[in-house]
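Reader: Could we go through this protein together? I am new to reading structures and would welcome a guided conversation.

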Amino acid sequence: MVVKTDKCAFSEFNIFPGHGMKYVKRDGTPLMLINRKSKSLMNQRKKPAKLTWTLRWRIMNKKGKVEEGLKKRSRRVVKVQRAIIGTSADEIKKLRTQKPEIRSAQRDAALLEAKSRAKAQKAEKAKVKASQQAKAAGPKGGSKMANKARGKK
């Protein structure tokens with residue numbers, strides 16, 4: 001047997017036959033209310049979404065109805081090796097699978113090469129600095145009288 005139920009206009013609870021009251025607004029719209037509490041709060045113009053016992057609040061705050069929306073399944077994180085600028089993913093995989101002895105030998109060779117390059121740069125810098133000092137070997141500053149004698153202001 002199916003029982004016809006109405007919804008409360010305020011709390012949205014089911015109103016079974018023989019319960020609740022019908023309230024007609026000034027504009028003629030009939031509202032079904034479950035009890036005096038709902039009618040009083042509606043007349044005070046309270047918002048059902050702000051009262052925790054109403055269905056509207058429960059819907060807004062995602063309470064209840066556990067069987068419908070089961071917990072979201074989180075995706076498994078799949079690690080993907082991405083290429084770095086200048087090297088492809090295949091090259092990176094080869095480097096990872098290389099034996100540590102080979103990698104350390106390559107590292108040492110690269111270190112030696114970097115050190116020799118730095119040494120050459122330092123020597124070049126020293127050479128440039130020496131040539132600049134040779135050019136500017138003249139006296140620095142001096143007295144005002146000496147500068148006037150040379151024709152400087």
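Reader: Which residue takes a positive phi in the hairpin of E3 and E4?

Author: That residue is Gly 28, with a positive phi near 100°. The hairpin has 5 residues between its two strands. Please keep in mind that this is a predicted model.

Reader: In what sense do strand E3 and strand E4 pair, and over how many bridges?

Author: Strand E3, residues 21-24, and strand E4, residues 30-33, pair in the antiparallel sense. The pairing runs over 4 bridges.

Reader: Which residue in E4 is the bridge partner of Met 21?

Author: The partner of Met 21 is Leu 33. Elsewhere in this pairing, Lys 22 stands opposite Met 32 of E4.

Reader: What can be said in general about side chains along a strand?

Author: Along a regular strand, side chains alternate between the two faces of the sheet.

Reader: Let me step back. How many helices and strands are there?

Author: The protein has 5 helices and 4 strands. Reading from the N terminus, the order of the elements is β-β-β-β-α-α-α-α-α.

Reader: And what share of the residues counts as buried?

Author: The protein has 153 residues, and 8% of them count as buried. Ile 15, in strand E2, is buried, with a relative accessible area of 3%.

Reader: How far apart are the C-alpha atoms of Ile 15 and Leu 33?

Author: Those two C-alpha atoms are separated by 7.9 Å, while the residues are 18 positions apart along the chain.

Reader: A new topic, please: how many aromatic pairs does a search of the whole structure find?

Author: The search finds 2 aromatic pairs. One of them joins Phe 10 and Trp 53, whose ring centres are 6.3 Å apart; their planes stand at 45°, so this pair is tilted.

Reader: Where do Phe 10 and Trp 53 lie?

Author: Phe 10 belongs to the loop between strand E1 (6-7) and strand E2 (14-15), and Trp 53 to the loop between helix H1 (36-43) and helix H2 (55-60). The pair therefore ties together parts that are 43 residues apart in sequence.

Reader: Is Phe 10 buried or exposed?

Author: Phe 10 is buried, at a relative accessible area of 3%. Trp 53, by contrast, counts as partly exposed at 27% relative accessibility.

Reader: What about the rings of Phe 13 and Trp 53?

Author: Their centres are 6.1 Å apart and their planes are at 50°, so this pair is tilted. Phe 13 lies in the loop between E1 and E2, and Trp 53 in the loop between H1 and H2, so the pair connects parts that are 40 residues apart in sequence. Phe 13 counts as partly exposed, with 29% relative accessibility. Phe 10, Phe 13 and Trp 53 form one aromatic cluster.

Reader: Which residue lies over the face of Trp 53?

Author: Lys 37 does, at 4.2 Å from the ring centre.

Reader: Finally, which residues make the nonpolar surface patch?

Author: Met 1, Val 3 and Phe 16 make this patch, which covers about 410 Å². Val 3 sits in the segment before E1 and is partly exposed, with a relative accessible area of 42%.

How values were computed: Residues numbered from 1 in each chain as written. Predicted model: local features only at pLDDT ≥ 70, side-chain atom pairs only at ≥ 80, totals over all residues. Heavy atoms only, no water. Phe/Tyr/Trp six-rings, centres within 6.5 Å; stacked < 30°, edge-to-face > 60°. Buried < 20%, exposed > 50% of the residue type's maximum accessible area, 1.4 Å probe, protein only. Lys NZ or Arg CZ within 6 Å of the ring centre and 35° of its normal. Pairing = 2+ DSSP bridges. Patch = residues over 30% accessible without salt bridge, like charges linked within 9 Å, V, L, I, M, F, W, Y side chains within 5 Å. Areas by Shrake-Rupley, 256 points an atom, 1.4 Å probe, with all protein chains shown as cover. Salt bridge = Lys/Arg side-chain N within 4 Å of Asp/Glu carboxyl O.
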